[in-house]
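Hi,

Here is the structure I promised to pass on. Have a look at it first, and then read on for what turned up.

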Amino acid sequence: MAGRTFIRKLKQIVGAEHVSTAAEDLICYGYDGTTASGKPEAVVRPVSTAEIAAVMKLVGDEGGKVVPRGAGTGLSGGSVPADGGIVLHFSRMNRLTRLDAAEMIAIAEPGITNWDFRKAVAAAGLFYPPDPSSTRVCTLGGNVAENAGGPSGIKYGVTGDYIIGLEAVTASGDIFRTGGETRRNAAGYDLTGMLVGSEGTLAIVTEITVKLLARPAARGTAVLAFDDLAVAGSAVATLCALATTPAAIDIMDAVTIACVERYRPGYLPDGAAAVLLVEVDGEENSVAGQLRQVGEAASANGGRIIRSTTDIDESEELWESRRSISAALARMAPTRIGEDICVPRTSIPEALERLRRVGEESDLTIAVFGHAGDGVLHPNILTDDLDPEMMARTEKAIAGIFQAALDIGGTLSGEHGIGMAKSRFMRGALSDETISLMKGIKLAFDPKGILNPGKIF
């Protein structure tokens, strides 16, 4: 597709300096946070919806593929060019274009980072809860594509719970809008909900309208230690049932704790079999009481409170330790494969035991952590992709992880999406009829198969 004439036309649309074709410039766009890889034919950096529409019309006329991409932090291969084509990169579309404090909404371009967006709305006294661990670098558009979550999902929900309107471009280059600026909208099909989590396979999102909340006046964090991982898993359901729902409940196993303590020492208890990191929020006069309830619930369920704070900065330091897990684990083996399953909360102990057996049977170290309040677990396999025998065991372990989730009523992904990494497991998770309906939706939006091919199915 990417002949000289085609590249010249792309440069005419977005400017020559915003089109990359040199092999050394394209390498980093062929990877994300997984072991998946691909090779784009060009990287294009548009600055407006009009430019994206023109690019899509050109691709439709010339024949080719388009892969939308934000920061490339994804963990499913969703932004990797599996089938060549051009990467549409949103680094220049990174503005917060409107913030309406009275209406409590914001409108932003897809390339803005989650961190910058959250900081901007916080400065206005407002709150955008979804907070993936990669919050400092991941983009709002990528969060929409994967329907990303984070620790706060237990109380506040995930990305899709806050997206009330989208502007997008079809595979044929037509611009359309879904939803709007109202909190409720029952006019026709929920196209906004359909695009959220579609991984760039249905349309290119170019503008995002987000509903916001009032920022909680105070927050507090508790570190709960357990001598048994399954007991920690059982305690999650009890904590979720407290009179005031915690804002977050994250779990870490012993492997994860040890790795984080080597990477960022002084925040987690040494020698514990498991840790639950629990956050509460609300009015200033309620947070201390909520932390006491958390501590009492832990004591009654086999745990002990190691650390408790209502200091904002100290809480943030504790959560920075949680966010550092991926970097910490990356130092422990040549290759880290991070998976993502979601199970019913009451099945967390069984899931943890099944994951332990998978690691034992495959003779691999599997670190487990996740947003336990939502039933989201992230088994991370420490391996070496240059060792064929080890990778054969790794592939068996991956299949075992997903089968374990499905066997206990769980699903393949709670927040990372399917992308390339999990597409081969979809038929085990969904019926042929369901997959057929999904493929029909894809065909209606993208009859030529231009948008992000090789993903989901």
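Leaving aside its neighbours within four places in sequence, which residues is Ile154 in contact with? They are Cys240, Thr245, Pro246, Ala247, Ala248, Ile249, Arg345, Gly373 and Asp374, where contact means heavy atoms within 4.5 Å.

Before the rest, a word on the ground rules. This is a predicted model, in which local features need pLDDT of at least 70 and side-chain atom pairs count only at pLDDT 80 or more, while totals for chains, interfaces and linings use all residues. Residues are numbered from 1 along each chain as its sequence is written, and side-chain values use heavy atoms, with hydrogens and water left out.

Back to Ile154. You'll find it in helix α6 (residues 153-156); helices (H or I, at least four residues) and strands (E, at least two) are DSSP runs, numbered from the N terminus. Ile154 has a relative accessible area of 15%, so it is buried (buried is under 20% relative accessible area, exposed over 50%, partly exposed in between, with a 1.4 Å probe and protein chains only). For a sense of distance, Ile154 and Lys448 lie 294 residues apart in sequence and 39 Å apart in space, C-alpha to C-alpha.

Next, the helix pairs. Two packed helices are described by the angle between their axes and the distance between the axes. Here axes are lines fitted to C-alpha atoms, for helices over the stretch in contact, and angles run from 0 to 180 degrees between N-to-C directions.

Helix α13 (residues 348-362) packs with helix α14 (residues 388-407) at about 160°, and their axes are 9 Å apart. That makes α13 and α14 roughly antiparallel to each other (angles under 35 degrees count as roughly parallel, over 145 as roughly antiparallel, 65 to 115 as roughly perpendicular and the rest as oblique). On the α13 side the contact is made by Arg354, Leu355, Val358 and Ser362, and on the α14 side by Arg393, Ala397, Gly400, Ile401, Gln403, Ala404 and Asp407. By class, this contact of α13 with α14 has five nonpolar, three polar and three charged residues (Ala, Val, Leu, Ile, Met, Phe, Trp, Tyr, Cys and Pro count as nonpolar, Asp, Glu, Lys and Arg as charged, and the others, Gly among them, as polar).

α13 also meets helix α8 (residues 229-240): the axes come within 7 Å and cross at roughly 150°. α8 and α13 are therefore roughly antiparallel too. Leu229, Ala230, Gly233, Ser234 and Val236 of α8 make the contact with Ile348, Pro349 and Leu352 of α13. The contact of α8 with α13 has six nonpolar, two polar and no charged residues.

Now the strands. Two strands pair if DSSP finds at least two bridges between them. In strand β4 (residues 86-89), Ile86 and Leu88 point one way and Val87 and His89 the other, and all are buried. Strand β2 (residues 42-44) runs parallel to β4, joined by three bridges, with Val43 opposite Val87. Strand β3 (residues 66-69) also pairs with β4 in the parallel sense, over four bridges, and Val66 has Ile86 as its bridge partner.

What about strand β18 (residues 365-370)? Five of its six residues are buried, so β18 is largely enclosed by the rest of the structure. β18 pairs in the antiparallel sense with strand β13 (residues 248-253) over two bridges, where Ile251 stands opposite Gly370. β18 also pairs with strand β19 (residues 376-383), again antiparallel, over five bridges, and Ala367 stands opposite Asn380 there. The hairpin of β18 and β19 has five residues between the strands, and Gly375 in it takes a positive phi near 80°.

There is also an open sheet of five strands, in the order β5-β6-β10-β8-β9, with antiparallel pairing. β5 (96-100) and β9 (175-179) stand at the edges with a single partner strand each, so one side of each is left without a neighbour in the sheet.

Most residues other than glycine have a negative phi, and most peptide bonds are trans. Asn147 has a positive phi of about 50° although it is not a glycine; it sits in the loop between α5 (140-146) and α6 and is partly exposed at 25% relative accessibility. Ile456, in the segment after α16 (432-445), has a positive phi near 75° and counts as buried at 10% relative accessibility.

Cheers
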